[in-house]
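Subject: Structure handover and notes

Dear colleague,

I am passing on the structure below, together with notes on what was found in it. Please read the notes with the model open beside them.

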Amino acid sequence: VDGVNDILAAFWRSSDELSADLSRCVASGECTQAARTAHALKGSAANVGAILLSKAARDVEAHSKTGDLVAARDALERLVKI
């Protein structure tokens with residue numbers, strides 16, 4: 001149980017940092033870095049079974065890759081509500 005708690009605590013710390021970085025990237029129009037950060041968050045969330053978070057990060061990643069910052073911002077708003 002302690003190992004699981006440690007893993008989840010590390011995940012939440014990491015996801016908080018990634019989410020903050022992702023918000024900054026999207027706000028400043030850094031599409032390439034936003035896509036990379038969203039990809040990292042997507043994988044991390046999937047690894048711990050946070051499927052809704054992973055899907056939201058996937059949407060931010062996809063929109064960032066196409067340069068659609070309006071859609072990326074909308075997807076990011078959904079992500080931070082999870």
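Ser 64 is buried, because its relative accessible area is 2%, where buried means under 20% relative accessible area, exposed means over 50% and partly exposed lies in between (1.4 Å probe, protein chains only). Ser 64 sits in helix 3, helices being DSSP runs of H or I with at least four residues, numbered from the N terminus. The side chain of Ser 64 reaches the backbone oxygen of Val 60 at 2.8 Å. Leaving aside residues up to four places away in sequence, Ser 64 touches Cys 31, Ala 34, Ala 35 and Ala 72, a contact being heavy atoms within 4.5 Å.

Before going further, please note that this is a predicted model, in which local features need pLDDT of at least 70 and side-chain atom pairs count only at pLDDT 80 or more, while totals for chains, interfaces and linings use all residues. Residues are numbered from 1 along each chain as its sequence is written, and side-chain values use heavy atoms, with hydrogens and water left out.

Helix 3 (residues 51-66) also holds Ala 57, which counts as buried because its relative accessibility is 0%. Not counting residues up to four places away in sequence, the residues that Ala 57 touches are Ala 38, Leu 41, Lys 42 and Leu 79. Ala 57 and His 39 are 18 residues apart in sequence, and their C-alpha atoms are 6.9 Å apart in space.

Turning to helix 2, the buried residues there are Cys 31, Ala 34, Ala 35, Thr 37, Ala 38, Leu 41 and Ala 45, and they pack against helix 1, helix 3 and helix 4. Helix 2 has 17 residues and reaches 24 Å from its first C-alpha to its last, close to the 24 Å expected at 1.5 Å a residue; the expected span is 1.5 Å times one less than the number of residues. Gly 49, whose phi is positive and near 85 degrees, follows helix 2.

In helix 1, the buried residues are Phe 11, Ser 15, Leu 18, Ser 19, Leu 22, Cys 25 and Val 26, and these pack against helix 2 (31-47), helix 3 and helix 4 (69-80). The 27 residues of helix 1 should span 39 Å at 1.5 Å a residue, which agrees with the 39 Å between its end C-alpha atoms. After helix 1 comes Gly 29, with a positive phi near 80 degrees.

Ile 7 lies in helix 1 (residues 2-28) and is exposed, because its relative accessible area is 53%. Ile 7 also belongs to a nonpolar surface patch of about 450 Å², made by Val 4, Ile 7, Leu 8, Trp 12 and Val 48. Patches are made of residues with over 30% relative accessible area and no salt bridge, with like charges joined within 9 Å and nonpolar side chains (Val, Leu, Ile, Met, Phe, Trp, Tyr) within 5 Å; the accessible areas come from the Shrake-Rupley method with a 1.4 Å probe, and for residues only the protein chains shown count as cover.

As for charged pairs, a salt bridge is taken to be a side-chain nitrogen of Lys or Arg within 4 Å of a carboxyl oxygen of Asp or Glu, and by this rule the count comes to 6 salt bridges. One of them joins Asp 59 to Arg 78, with the closest N and O atoms 3.7 Å apart. This pair links distant parts of the chain, since Asp 59 is in helix 3 and Arg 78 is in helix 4, 19 residues apart. Asp 59 is partly exposed, with a relative accessible area of 24%, and Arg 78 is likewise partly exposed, at 44%.

Salt bridges that share partners also join Asp 21, Arg 24 and Glu 30 into one network. Within it, the closest N and O atoms of Arg 24 and Asp 21 are 2.7 Å apart, and because these two residues are 3 residues apart in helix 1, about one helical turn separates them. The side chains of Glu 30 and Arg 24 meet in a salt bridge at 2.9 Å, N to O. Arg 24 counts as partly exposed at 41% relative accessibility, as does Glu 30 at 32%, and Asp 21 is partly exposed with a relative accessible area of 24%.

Kind regards

Methods
Polar contact = N/O pair within 3.5 Å; in protein donor to acceptor, adjacent residues only side chain to side chain.
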